[in-house]
Amino acid sequence: MGKRKEKISSDIAWSTADKISVRGLDLPNEILGHMNLGDLAFLQLTGRKATPEESRVFNAIVITLVEHGITPSALAARMTYMGAPESLQAAVAAGLCGLGTVFVGSMEGASKMLYEALPQDKLGTGADLDAIALETVEKFRAKKTIVPGLGHPVHKPVDPRTPRLFQIAAENGKSDEYIDLIQKIQAVAEEKSGKMLPINATGAIGAICCEFGFPWKIVRGFGVMARSIGLVGHILEESENPISYELWQRAEQEILETSGPGAT
């Protein structure tokens, strides 16, 4: 428990009977019709409008995270909706609960790794990125843990989202030492492991978020915001073309065939 505040305050938003202010801008007249959803998210997080270049990169980040097919998060949302169709928000929440160190949330680990390897106050000082990459990979190998942001169960040898994200970042002035560093980390990790370890989309996003200077502890939140949109889409489809009941029944049947009475 911290010291009791004299007065409660927030710089994000306030409203009166006839006005709504968000980060100092009038919602009806300065935001509605002037900003897209990504730009509003940027304003909410940073307290300022994105430049046109920042807008292109930030929107690319969040759009990338909206959808990736019938993923575990989509399945969780669909299954929950099957059991509780009266609670769309619970289904979305169920899907979001799985955004962690393996799926989507791994960009938090990637950005934290990069900040620890190359603190922001060391940028532009001529740091030896090759040496930093080697040291970083060796640390993860010593712990016998995966390097966050590398590898993908489907996309090999390249995650098709990554080069496009890096291209957009480069075209808009958001490609510097952190993107360079994660590419060097990938090269070392592949050499040491002898495996294909592509920089996945969340690894790319983690590096780009470092280029923006976003705190690593909030980076997972971009995935939460974006994936919510995708999950609402999955729930709408589930209501019109349900697959959850079929998946449940097929799983039950296969388990009976392999583990139940008379299983072979």
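Start by selecting Met 79, Met 82, Tyr 245, Leu 247 and Trp 248: together they make a nonpolar surface patch of about 460 Å². A patch here takes residues with over 30% relative accessible area and no salt bridge, joining nonpolar side chains (Val, Leu, Ile, Met, Phe, Trp, Tyr) within 5 Å and like charges within 9 Å. The areas come from the Shrake-Rupley method with a 1.4 Å probe, and for residues only the protein chains shown count as cover. Bear in mind that this is a predicted model, where local features need pLDDT of at least 70 and side-chain atom pairs count only at pLDDT 80 or more, while totals for chains, interfaces and linings use all residues. Residues are numbered from 1 along each chain as its sequence is written, and side-chain values use heavy atoms, leaving out hydrogens and water.

Now color α4 (72-83) and α12 (244-259), which each supply at least two residues of the patch. Helices are DSSP runs (H or I, at least four residues), numbered from the N terminus. Which helix gives the largest share of the patch? That's α12, with three residues. Click on Leu 247, which sits in α12; its 34% relative accessibility makes it partly exposed, a class that lies between buried (under 20%) and exposed (over 50%), with a 1.4 Å probe and protein chains only.

Next stop, the charged pairs. Side chains of opposite charge can pair when their charged atoms come close. The structure holds eleven salt bridges, each one a side-chain nitrogen of Lys or Arg within 4 Å of a carboxyl oxygen of Asp or Glu.

Select Glu 108 and Arg 220, whose side chains meet in a salt bridge at 3.2 Å, N to O. Glu 108 is in α6 (residues 106-117) and Arg 220 in α11 (residues 216-240), so this pair links distant parts of the chain, 112 residues apart.

Then go to Lys 184 and Asp 130, with closest N and O atoms 3.1 Å apart. Lys 184 is in α9 (residues 177-193) and Asp 130 in α7 (residues 129-143), so the bridge ties together parts 54 residues apart in sequence.

Last, select Arg 78, Glu 237 and Glu 238: salt bridges that share partners join them into one network.
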